[in-house]
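Good morning, and thank you for coming.

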Amino acid sequence: MKPPSGPEEARRPASDIRVFASSCTLHGLGHVFGPGSLTPRRGLWAVAVLLSLAAFLYQVAERVRYYGEFHHETALDERESHQLTFPAVTLCNINPLRRSRLTPNDLHWAGPALLGLEPAEHAAFLRALGQPPTPPGFMPSPTFDMAQFYARAGHTLEDMLLDCRYRGQPCGPENFTTIFTRMGQCYTFNSGADGAELLTTPKGGAGNGLEVMLDVQEDEYLPVWKDVEDTLFEVGIRVQIHSQEEPPIIDQLGFGAAPSYQTFVSCQQQQLSFLPPPWGDCSSASLDPDFEPESADPLGSPSPSPGLSPPYSLMGCRLACETRYVARKCGCRMMHMPGGAPVCSPQQYKDCANPALDAMLRKDACTCPNPCASTRYAKELSMVRMPSRAATRYLARKYNRSEAYIAENVLVLDIFFEALNYETVEQKKAYEVSELLGDIGGQMGLFIGASLLTILEILDYLCEVFQDRVLGYFWNRKHSQRHSSTNLLQEGLGSHRNQVPHLSLGPRPPTPPCAVTRTLSASHRTCYLVTRL
């Protein structure tokens, strides 16, 4: 700040606006509050300062409003890596139950609900399965477990998996994890379950991923008895490629692999990153399908659980939402659903669970935000017919099957990365706090020529005004009252001394105590008391 010049400026207090204007770094203020009277030049400067200040405040309000809208932008980039984590691969046979594993007890419990069979049709259906009729005196079991039923009657990986290789090294059923989906019993490769180490690959291209040869076991497919909603007309394997944090929704998101073909699946990893509110709508709160707040909307977004749960994923949120809805409607859960509710019986499947879940999916009632960080895999599929005639004869001898069986039941699935690069899709804040401060500073310098230190000068001036005008007013008022009381007391005592020689030398009557007390306690009555004396 510039020091004041001249004797007149030196005599003015620091709270004087002219002193502040002459030393402030705010442009134009010294021309408005300079010495002398009001002139047209000073008026024009005042108008210019006010217009500049108004333009500055308008720009600041506009920038603050834009920042309050919390805009975001999406950046797409492609990056390279020395190695990539191989995805989880879930396989399901399209046929959920093997005909050779069904028993009269299964038909009694699950026939009406899962197969649409009436009790009178059980004998004919058993004949279609190639099994003997129900023995006389048959008594069904008192209870029936759906999960155990699908585990016993579903296709086993030991029977379906003819050959397995990962990056040229042999693998087997021990490298797969059993999981239940809406399609029945399925198997996941590289699931990372129970703390298993995730597999990686340092190369792209065919031969550097998972290659499996599968037998679809078409002769075990259930006969098409009635044309109902769940009747299956196709044959093959359903496949879903997903991250380890995401549960498979293979009945909705899986793709098919047909027998007599080799299917090549070229993958590219995509890493997605979204912003939380207020810039976006992502969520990272884990969910628990058993946790149900009392005021929750049955069709709304599931609430975060208070305990430990798996990492949040979009499919996990949908599955938790479906589980809560079915559990509330039916008092049980379907076997592929997580949680601690009891598994629905076959009759509950037919009467409540399946209709409720289908209606919920048609309405798309679950509202789940995107996860803040997720991984997905883009896929490109191509197929060639296999096996050749020579390969058919070789495989028939190797697996002790007929050539016709090999031609109709065997398929090969080859999953690999196209290259060791991955895409990133990232949401970023379109307007950061630093950009807001930079815009405000630029507008401040452009319109009023000020900076952060100028704001400190103004605050310092306001402190000086408060000290001189407000605190000084109260201090001067208190000091004047004390000074007037002292003068009155001194004048009263002086006049009393001047009157003493003119009094008689006789004894002076004693002064009443009340008079002395009143004289000392009330200074404005001093003259009255002294006059009486």
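Predicted model: local features only at pLDDT ≥ 70, side-chain atom pairs only at ≥ 80, totals over all residues.

Residues are numbered from 1 along each chain as its sequence is written, and side-chain values use heavy atoms, with hydrogens and water left out.

Let us begin with the sheet. Helices (H or I, at least four residues) and strands (E, at least two) are DSSP runs, numbered from the N terminus. Two strands pair if DSSP finds at least two bridges between them. Five strands form an open sheet in the order S6-S7-S3-S10-S11, and their pairing is antiparallel. Strand S6 (176-181) and strand S11 (255-257) are the edge strands, each pairing on one side only. On average, neighbouring strands of this sheet are turned by 35° against each other, direction ignored. That angle rests on axes, which are lines fitted to C-alpha atoms, for helices over the stretch in contact; angles run from 0 to 180 degrees between N-to-C directions. How many bridges join S10 and S11? Strand S10 (residues 237-242) pairs with S11 over three bridges, in the antiparallel sense. Arg 238 has Gly 256 in S11 as its bridge partner.

I turn now to the aromatic rings. A pair of aromatic rings is described by the distance of the centres and the angle of the planes. Here, rings of Phe, Tyr and Trp (its six-membered ring) pair if their centres lie within 6.5 Å; planes under 30 degrees apart count as stacked, over 60 as edge-to-face and the rest as tilted. A search of the whole structure finds 13 aromatic pairs. Phe 86 lies in the loop between strand S2 (84-85) and strand S3 (88-93), and Phe 189 lies in strand S7 (residues 184-189), so the pair ties together parts that are 103 residues apart in sequence. Both Phe 86 and Phe 189 are buried, where buried means under 20% relative accessible area, exposed over 50%, and partly exposed in between (1.4 Å probe, protein chains only).

Trp 109 and Phe 144 form a stacked pair, at 6.0 Å centre to centre and 15° between the planes. Trp 109 lies in helix H5 (residues 104-115) and Phe 144 in the loop between helix H6 (122-129) and helix H7 (146-153), so this pair ties together parts that are 35 residues apart in sequence. Is Trp 109 buried or partly exposed? Trp 109 is partly exposed, because its relative accessible area is 25%, whereas Phe 144 is buried at 17%. Ring pairs also link Phe 86, Tyr 166, Phe 176, Phe 189, Tyr 377 and Phe 417 into a cluster.

On a 1 Å grid over the protein atoms alone, a cavity is a set of points where a 1.4 Å probe fits but cannot get out, and a pocket is an open set with protein on both sides within 12 Å along at least five of seven lines; lining residues have an atom within 4 Å of a point. Grid points are joined across faces, edges and corners, and a volume is the space filled by probe spheres set on the points. The second largest pocket holds about 750 Å³ of space. Its lining has 42 residues, and Ile 179, Pro 247, Pro 248, Leu 319 and Pro 338 lie nearest its centre. The structure also holds three cavities of 30 Å³ or more. The second largest cavity has a volume of about 40 Å³, and its lining residues include Asn 93, His 155 and Tyr 187.

Finally, the backbone. Most residues other than glycine have a negative phi, and most peptide bonds are trans. Which bond joins Pro 277 and Pro 278? A cis peptide bond does, with omega about 5°, and Pro 278 is in the loop between S12 and H10. Another cis peptide bond joins Met 386 and Pro 387, with omega about -5°. Asn 190 has a positive phi of about 60° although it is not a glycine. Asn 190 counts as buried because its relative accessibility is 6%.
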